[in-house]
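This report reads through the structure shown below, moving from its helices to its core and then to its charged side chains.

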Amino acid sequence: MNLKIDLVESEESILVKVAGEIDVYTAPKLRETLFPLSEKTRVNIVIDLSAVEYMDSTGLGVFVGAFKNVRSNKGTFQLVGLSDRLKRLFEITGLADIMNIGQIEGEVK
């Protein structure tokens with residue numbers, strides 16, 4: 001499956017909408033999109049994963065690297081729209097304890 005990435009930029013933040021599967025084959029495309037954004041000073045990145053059907057450890061690695069870049073550049077990094085399966089993946093790895101994982105505004109859980 002392919003990976004689709006859309007960017008919606010505003011004055012306050014950059015919304016990154018990700019759809020499809022994040023794996024060893026598609027992670028480089030995600031990295032190429034996220035890393036230049038994550039290196040900006042005081043950037044606020046929100047990543048919407050509501051349309052992600054599958055993610056492996058390669059995807060986790062991309063998010064960890066982008067998260068570290070954003071934090072070192074005094075920005076904010078938030079993941080939203082995670083399925084129960086993705087939330088569990090972040091919880092098992094301990095990343096849910098260090099990353100801001102939230103809900104999409106208006107989403108009822």
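## Helix α1

In this predicted model, α1 comprises 12 residues and reaches 16 Å from its first C-alpha to its last, close to the 16 Å expected at 1.5 Å a residue. The residues of α1 that are buried are Ala 27, Leu 30, Leu 34, Leu 37 and Ser 38. Because these cover an arc of only 105° around the axis, they lie on the same side of α1. What the buried residues of α1 pack against is β1, β2, β3 and α2.

## Helix α2 and its ends

Helix α2 (residues 57–72) has 16 residues, which at 1.5 Å a residue should span 22 Å, and the 23 Å between its end C-alpha atoms agrees with that expectation. At the N-terminal end, α2 is capped by Asp 56, a side-chain oxygen of which lies 2.9 Å from the backbone nitrogen of Thr 58. Following α2 comes Lys 74, whose phi is positive, near 60°.

Buried in α2 are Gly 59, Leu 60, Val 62, Phe 63, Gly 65, Ala 66, Phe 67, Asn 69 and Val 70.

In soluble globular proteins, nonpolar side chains tend to be buried together. Here the largest nonpolar core has 29 residues, and those with the most contacts inside it are Ile 47, Leu 49, Phe 63 and Phe 77. Two or more residues of this core come from each of β1 (3–9), β2, α1, β3, α2, β4 and α3, and α2 gives the most, with six residues.

Ile 47, one of the residues with the most contacts inside the core, can be followed to its partners: leaving aside neighbours within four places in sequence, Ile 47 is in contact with Val 16, Val 18, Leu 34, Phe 63, Phe 77, Gln 78, Leu 79 and Val 80.

## Charged side chains

Side chains of opposite charge can pair when their charged atoms come close. How many salt bridges does the structure hold? The structure holds one, in which the side chains of Lys 4 and Asp 6 meet at 3.4 Å, N to O. Of this pair, Asp 6 is partly exposed, with a relative accessible area of 32%.

Definitions and conventions. Residues numbered from 1 in each chain as written. Predicted model: local features only at pLDDT ≥ 70, side-chain atom pairs only at ≥ 80, totals over all residues. Heavy atoms only, no water. Helix = DSSP H or I, 4+ residues; strand = E, 2+ residues; numbered from the N terminus. Expected span 1.5 Å × (residues − 1). Buried < 20%, exposed > 50% of the residue type's maximum accessible area, 1.4 Å probe, protein only. Polar contact = N/O pair within 3.5 Å; in protein donor to acceptor, adjacent residues only side chain to side chain. Core = buried A, V, L, I, M, F, W, Y, C linked by side-chain atoms within 4.5 Å. Contact = heavy atoms within 4.5 Å. Salt bridge = Lys/Arg side-chain N within 4 Å of Asp/Glu carboxyl O. Arc of directions from axis to C-beta.
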